[in-house]
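Please keep the sequence and the model open while reading.

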Amino acid sequence: MLNKTTLAILALAAFPVCASADDGRFRVDAHVSTLGSGLEVGTAFRDDFSGRIGFNQFSISASQSSGGMDFKGDLKLSSIAALADWRPWSGTTHLTGGLILNSNKFEMNATAQPGSTYTVNGVPYTATGGERIGTKVTFSSPSPYLGFGWSGHPKN
């Protein structure tokens with residue numbers, strides 16, 4: 001369960017923070033997204049074309065026991081992105097393309113408790129304890145990125 005301090009920090013982090021140079025061509029952006037919390041540095045090359053580089057990070061672990069099994073899961077998100085935004089109408093709508101180097105992964109393990117009985121394909125098994133089954137999901141790196149979105153204009 002999240003405590004009040006953690007919840008308040010997450011709520012504040014959900015609001016993007018942006019700082020720009022006086023000429024409006026350079027910006028630093030802190031944000032929270034589906035890739036985790038992150039920081040980006042961007043610049044406008046023209047009124048309709050800008051670029052940005054940034055990183056995102058997030059991790060969470062959870063454990064639970066159920067049905068004679070101890071479950072443990074870990075989600076670790078970590079990525080570096082190099083993206084270019086094209087604003088075809090010179091407004092807030094943009095098409096984005098780029099490359100993401102990611103080391104995102106998800107791992108989950110289930111460990112049997114001693115004396116637990118399981119049925120697999122109609123065959124009953126009794127665990128002596130410590131038997132394990134697990135999975136790990138990773139992603140290709142580098143990964144191409146293509147997106148469509150709305151955001152503030154770098155020069156504004």
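This is a predicted model: local features need pLDDT of at least 70, side-chain atom pairs count only at pLDDT 80 or more; totals for chains, interfaces and linings use all residues.

The questions below begin with the overall fold and then turn to single residues and pairs of side chains.

Q: What share of the residues of the protein count as buried?
A: The protein exposes about 10,500 Å², and carbon and sulfur atoms supply 63% of that area. A residue counts as buried when its relative accessible area is under 20%. Of the 156 residues of the protein, the share that counts as buried is 26%.

Q: Among contacts between residues at least 6 apart in sequence, what share join residues at least 24 apart?
A: A contact here means heavy atoms within 4.5 Å. Among the contacts in the protein between residues at least 6 apart in sequence, the share that joins residues at least 24 apart is 48%.

Q: Which residue of β3 is the bridge partner of S33?
A: Strand β2 covers residues 26-33 and strand β3 covers residues 36-46, and the two pair in the antiparallel sense over eight bridges. They form a hairpin with two residues between them. In β3, the bridge partner of S33 is G36.

Q: Is G73 buried or exposed?
A: G73 has its place in strand β5, which spans residues 69-86. Leaving aside residues up to four places away in sequence, G73 touches I60, S61, A62, E107 and M108. The relative accessible area of G73 is 14%, and because the limit for the buried class is under 20%, G73 is buried.

Q: What distance separates the C-alpha atoms of G73 and S61?
A: S61 is one of the residues that G73 touches when residues up to four places away in sequence are not counted. Although G73 and S61 are 12 residues apart along the chain, their C-alpha atoms are separated by 5.6 Å.

Q: Which backbone nitrogen does the side chain of N104 reach?
A: N104 is found in the loop between β6 (93-102) and β7 (105-112), and at 9% relative accessibility it counts as buried. Not counting residues up to four places away in sequence, N104 touches several residues, including L35, K76, V137 and F139. At 2.7 Å, its side chain reaches the backbone nitrogen of S78.

Q: Where does P142 lie?
A: The peptide bond from S141 to P142 is cis, with omega near 0°. P142 lies in the loop between β10 (132-138) and β11 (143-150).

Q: Which strands does the salt bridge between R52 and E40 tie together?
A: The side chains of R52 and E40 meet in a salt bridge at 2.9 Å from N to O.

Q: Which residues do salt bridges with shared partners join into one network?
A: D29 forms a salt bridge with R27, with the closest N and O atoms 3.6 Å apart, and both of these residues are buried. R52 and E40 are both buried as well. Salt bridges that share partners make one network of R27, D29, E40, R52 and D85.

Q: How many salt bridges does the count come to?
A: One further pair is D48 and R46, whose side chains meet at 3.0 Å from N to O, and R46 counts as partly exposed at 49% relative accessibility. The count of salt bridges comes to seven.

Q: Is the pair of F148 and W150 tilted or edge-to-face?
A: The structure holds two aromatic pairs; F45 and F49 form a tilted one, with 5.8 Å from centre to centre and 35° between the planes. F148 is exposed at 51% relative accessible area, and W150 counts as exposed at 61%. The rings of F148 and W150 have their centres 5.1 Å apart and their planes at 75°, so this pair is edge-to-face.

Key:
Residues are numbered from 1 along each chain as its sequence is written. Side-chain values use heavy atoms; hydrogens and water are left out. Two strands pair if DSSP finds at least two bridges between them. Helices (H or I, at least four residues) and strands (E, at least two) are DSSP runs, numbered from the N terminus. Buried means under 20% relative accessible area, exposed over 50%, partly exposed in between (1.4 Å probe, protein chains only). Accessible areas come from the Shrake-Rupley method with a 1.4 Å probe; for residues, only the protein chains shown count as cover. A polar contact is a pair of N or O atoms within 3.5 Å; within protein, one must be able to donate a hydrogen and the other to accept it, and residues adjacent in sequence count only if both atoms are side-chain atoms. A salt bridge is a side-chain nitrogen of Lys or Arg within 4 Å of a carboxyl oxygen of Asp or Glu. Rings of Phe, Tyr and Trp (its six-membered ring) pair if their centres lie within 6.5 Å; planes under 30 degrees apart count as stacked, over 60 as edge-to-face and the rest as tilted.
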